[in-house]
Amino acid sequence: MKKIAAFMALFIIVSAGCRAQDTGDPADREEPSVFSGTVIRVAEDGTLIIEPDEGEEIRQAGTEVSINPGDNQNFELGDQVMVTHEGPVMESHPLQVHLISIERSED
């Protein structure tokens with residue numbers, strides 16, 4: 001009986017230590033996040049490089065984000081955009097995110 005109680009106590013302690021913690025780092029986010037920025041490059045395949053605006057939290061990880069908006073959207077150099085993404089920020093250069101949506105902003 002003591003062995004079972006000791007095992008259960010150890011299991012609870014280990015489980016509590018494995019719980020995900022919010023570090024505040026945008027790279028660790030799992031809920032949708034939004035940032036605004038400017039399209040600074042448009043590749044031939046439609047991939048966009050976006051520079052997040054000053055003060056955006058994602059800038060803690062980097063200053064350029066690669067986005068593939070899909071075939072049905074047409075963005076141009078200099079467009080102001082709002083990007084909604086989810087999951088971790090892939091800290092490569094440029095940064096990469098799992099895109100939910102991208103829209104031109106009116107700014």
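The mean pLDDT of the chain is 84, with 77% of its residues reaching 70 or more. Confidence is lowest in helix H1, residues 2-17, where the mean is 67, and highest in strand E2, residues 48-52, where the mean is 97. Where pLDDT is low, the predicted coordinates should not be read in detail.

Strands of a sheet pair through backbone hydrogen bonds, either parallel or antiparallel, and both senses can be followed here. E3 pairs with strand E5, residues 95-104, in the parallel sense over two bridges, and Val 65 stands opposite Leu 95 in E5. Strand E4, residues 80-90, runs antiparallel to E5 and is joined to it by seven bridges; in this pair Thr 84 stands opposite Ser 101 of E5. E4 and E5 form a hairpin, with four residues between them.

Ile 50 lies in strand E2, and it counts as buried because its relative accessibility is 0%, where the limit for a buried residue is under 20%. Leaving aside residues up to four places away in sequence, Ile 50 touches Phe 35, Gly 37, Thr 38, Val 39, Thr 63, Glu 64, Val 65, Ile 67, Val 81, Val 83 and Ile 102. Ser 36 is 14 residues from Ile 50 in sequence, and the two C-alpha atoms are 8.9 Å apart in space.

One of the residues touched by Ile 50 is Glu 64, which is found in the loop between E2 and strand E3, the latter spanning residues 65-67. Is this glutamate buried or exposed? Glu 64 has a relative accessible area of 15%, and it is therefore classed as buried, since that value is under 20%. Not counting residues up to four places away in sequence, Glu 64 touches Ile 40, Arg 41, Ile 49, Ile 50, Pro 52, His 93, Pro 94 and Leu 95. With one of these, Arg 41, the side chain of Glu 64 makes a polar contact through the side chain of its partner, at 3.0 Å.

The side chains of Arg 41 and Glu 64 also meet in a salt bridge, at 3.0 Å from N to O. Arg 41 lies in strand E1, residues 33-42, whereas Glu 64 sits in the loop between E2 and E3, so the pair ties together parts that are 23 residues apart in sequence.

In total, the count comes to four salt bridges. Another of them joins Asp 79 to Arg 104, the closest N and O atoms being 3.1 Å apart. This pair, too, links distant parts of the chain, with Asp 79 in the loop between E3 and E4 and Arg 104 in strand E5, 25 residues apart. Asp 79 is buried, with a relative accessible area of 15%, and Arg 104 is partly exposed, with a relative accessible area of 44%. Salt bridges that share partners join Glu 51, Glu 54 and Arg 59 into one network. Within that group, Arg 59 forms a salt bridge with Glu 51, in which the closest N and O atoms are 3.7 Å apart. Arg 59 counts as partly exposed at 21% relative accessibility, and Glu 51 is likewise partly exposed, with a relative accessible area of 34%.

Notes:
Residues are numbered from 1 along each chain as its sequence is written. This is a predicted model: local features need pLDDT of at least 70, side-chain atom pairs count only at pLDDT 80 or more; totals for chains, interfaces and linings use all residues. Side-chain values use heavy atoms; hydrogens and water are left out. pLDDT is the predictor's confidence in each residue, from 0 to 100. Buried means under 20% relative accessible area, exposed over 50%, partly exposed in between (1.4 Å probe, protein chains only). A polar contact is a pair of N or O atoms within 3.5 Å; within protein, one must be able to donate a hydrogen and the other to accept it, and residues adjacent in sequence count only if both atoms are side-chain atoms. Contact means heavy atoms within 4.5 Å. Two strands pair if DSSP finds at least two bridges between them.
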